[in-house]
Amino acid sequence: MQDEKLPPPGAIISPDTLRDNRIPPGQSLTVKWPVLDAFGPPRLNAADWKLVIGGLVRHPIAFTWEEFNALPKVKVFSDFHCVTRWSRLDNTWEGVSVKELIERAGGVKPEARYVVAHGYDGGWTTNLPLDEFLVDDALVATHHDGEALTLEHGAPARLIVPRLYAWKSAKWLAGLEILSEDKAGFWERNGYHMHGDPWTEERFGHGW
Ligand SMILES: Nc1nc2c(c(=O)[nH]1)N[C@H]1C(S)=C(S)[C@@H](COP(=O)(O)O)O[C@H]1N2
Ligand SMILES: [Mo]
């Protein structure tokens, strides 16, 4: 029996945390939080940081660190599944919901279907369907389990999309680009799945 943590009051509950079996096929539980990335952390300073919401939104917008932090915050309680086969349960993330950010950009245009998330680490990218991105439990997080994110885990702000494998949750987030056609990101160009549902083990292959 694992020692389950309870969601904090007021948190948005990720639907997968309500399953009887919370560990997807082929995954094992970890209580530690491993660090995984392709190139390591970028050098960033708060004065240069910005978050761009662009592509197929009505009013493309860029937030400075100060502007981003003035936005309303949410907490999300969710599980985190890495394609290298570890799953970390009961994470509380705090930050700005993706829906809020897209609303500030005037909403998506009718032809919008996909998203590419851009990292500050050398143009690292990942792609995902808009339907799984624009949901209540997806956010741009600055805190994890009550503490500011460390640099290795994506500080100052990272994307968290609980319904897909963790590689879709871009660390050191620089921008969100809304598109009408799917466009493979860094790992996707290297054979990882365009969608990445952990429950059906969409690890590799493009699904087309
Ligand atoms: N910008 C960026 N985001 C990234 C990565 C990366 O290399 N660069 N790696 C991804 C992968 S493969 C995983 S499993 C998770 C790991 O997050 P963690 O290091 O906080 O556990 O971040 C994802 N986000
Ligand atoms: Mo990963």
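Hi everyone, let me start with Ile 12: leaving out residues up to four places away in sequence, Ile 12 touches Val 74, Lys 75, Val 76, Phe 77, Asp 136 and Asp 137, where contact means heavy atoms within 4.5 Å. Ile 12 sits in strand β1, residues 12-13; helices (H or I, at least four residues) and strands (E, at least two) are DSSP runs, numbered from the N terminus. Ile 12 counts as partly exposed, because its relative accessibility is 26%; buried means under 20% relative accessible area, exposed over 50%, and partly exposed in between, with a 1.4 Å probe and protein chains only. Ala 155 is 143 residues from Ile 12 in sequence, and their C-alpha atoms are 22 Å apart in space.

A quick word on the model. This is a predicted model, where local features need pLDDT of at least 70 and side-chain atom pairs count only at pLDDT 80 or more, while totals for chains, interfaces and linings use all residues. Residues are numbered from 1 along each chain as its sequence is written, chains are lettered from A and ligands numbered from 1 in the order in which they are written, and side-chain values use heavy atoms, with hydrogens and water left out.

Now, Asn 91. Is Asn 91 buried or exposed? Asn 91 is buried, at a relative accessible area of 0%, and belongs to strand β6, residues 86-97. Its side chain makes polar contacts with the side chains of Arg 88, at 2.6 Å, and His 144, at 2.8 Å. A polar contact is a pair of N or O atoms within 3.5 Å; within protein, one must be able to donate a hydrogen and the other to accept it, and residues adjacent in sequence count only if both atoms are side-chain atoms.

On to the sheet. Five strands make up an open, mixed sheet, in the order β4-β3-β12-β7-β8. β4 (61-64) and β8 (125-129) are at the edges with a single partner strand each, so one side of each has no neighbour in the sheet. Strands pair if DSSP finds at least two bridges between them; β7 (residues 114-119) and β8 pair antiparallel over five bridges, with His 118 opposite Thr 125 in β8.

Last, ligand 1. What lies 3.0 Å from an oxygen atom of ligand 1? That is a polar side-chain atom of Trp 33. A polar backbone atom of Leu 36 is 2.8 Å from an oxygen atom of the ligand.
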